Amino acid sequence: MEVDIAQALAQLAPTLGGTGVEAAQRLSGGASMETWAFTLTGPDGPREMILRRRPGPFDEETSRSTSLATEAALIQAAARVGAPVAPLIRLCQPQDGLGEAHITVRIGGEALGRKIVADPRFEGVRPKLARQCGQILAEIHSASPEGIPLKRSDAAEELDRYEQVYRQSGAQRPILELAFQHLRKHVPPPVPEVLLHGDFRNGNLLISPETGVAAVLDWELSHLGDPAEDLGWLCVNSWRFGMSGKPVGGFGDYADLLAGYAEAGGAPVSLSRVRYWQALGSLKWGVMCLMMYSSYAAGAESSVERPMIGRRVSETEIDLINLLEAGL
């Protein structure tokens, strides 16, 4: 059933502490998730907010993504340890008429990775972003996952999952084959698991041109695992947006990332471990790119965005060659 978002928000306004809603506008979203911006009006003046909702059915048991209720709990857990998040205003209830959804404060900043690495507005903060990211990840990893239903994963499980997808695709990519073999032979020893963001990268960070990282977005892939997974994912070449010489998000260096992580109380993590997870991240993204193309080629998806992303598998192969040649 189609939901009139503006009307439902207007009816919810008193519960949110306002008297009405203005300028409800959908910002983005595909088949599984929508993001809406709106202004809550009231006696205390206008307040900018974000509605994040899932319009369709969802099974948290079988999905790799979390429910929005779990995402809301993660935002609150991260806020308690000082990580920058968009504060949660409300976890929507069935009577709200919005389906599975939550509402947060709208934080100012830029999330487009290409602008963050190249726009002159960010020249002043760019040199400190890698250290900030390390500090923020240490805070997130210190958050308690108690009471939050999260899945677990380690390097061997990730390799199993993505190799199965790769084999089923029928693709034959020598560099990906080599990467699977190498990474299996060099799985790092286990470490105590922590709460992971799961998709911490340039593109999921709101960056202020004055202060740097203003908020961490998109918690739906959070899980428990190796802290180096988050650190390595941030360094995947595909999230550098053309600035390959800056391994951390296209804006910084490994040393600053790890220094920030240690300064904020993160347990010691070696660069070799980060680079292992960077390679595994590149391999995973390469497989995802192949799946994007396959969905288009099979007629399951009609958007030209799918084959365009599919072409980026070569990007992941370049990163893997460089990492393998350097011995990770």
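A polar contact is a pair of N or O atoms within 3.5 Å; within protein, one must be able to donate a hydrogen and the other to accept it, and residues adjacent in sequence count only if both atoms are side-chain atoms. I started with Asp160, whose side chain makes such a contact with the side chain of Arg184, at 2.7 Å.

I noted the basis before going on. This is a predicted model, where local features need pLDDT of at least 70 and side-chain atom pairs count only at pLDDT 80 or more, while totals for chains, interfaces and linings use all residues. Residues are numbered from 1 along each chain as its sequence is written, and side-chain values use heavy atoms, with hydrogens and water left out.

**Asp160 and its helix.** I placed Asp160 in helix H5, residues 155-169; helices (H or I, at least four residues) and strands (E, at least two) are DSSP runs, numbered from the N terminus. Asp160 is partly exposed, at 43% relative accessibility. For that scale, buried means under 20% relative accessible area, exposed over 50%, and partly exposed in between (1.4 Å probe, protein chains only).

**H5 against H6.** I looked up the packing of H5 with helix H6, residues 174-185: the angle is about 155 degrees and the axes are 11 Å apart. Axes are lines fitted to C-alpha atoms, for helices over the stretch in contact, and angles run from 0 to 180 degrees between N-to-C directions. From H5, the contact residues include Leu159, Asp160 and Tyr166; from H6, they include Phe180 and Arg184. Contact means heavy atoms within 4.5 Å.

**Ser238.** I found Ser238 in the loop between helix H7 (227-233) and helix H8 (254-263). Ser238 counts as buried, at 3% relative accessibility. Its side chain has a polar contact of 2.8 Å with the side chain of Glu315 and another of 3.4 Å with that of Trp285. Leaving aside residues up to four places away in sequence, Ser238 touches Trp285, Arg312, Glu315 and Thr316.

**Positive phi.** I checked two residues other than glycine. Phe241 has phi near 50 degrees. Phe241 is in the loop between H7 and H8 and is buried at 18%. Ala23 has phi near 55 degrees. Ala23 belongs to strand E1, residues 20-29, and is exposed, with a relative accessible area of 61%.
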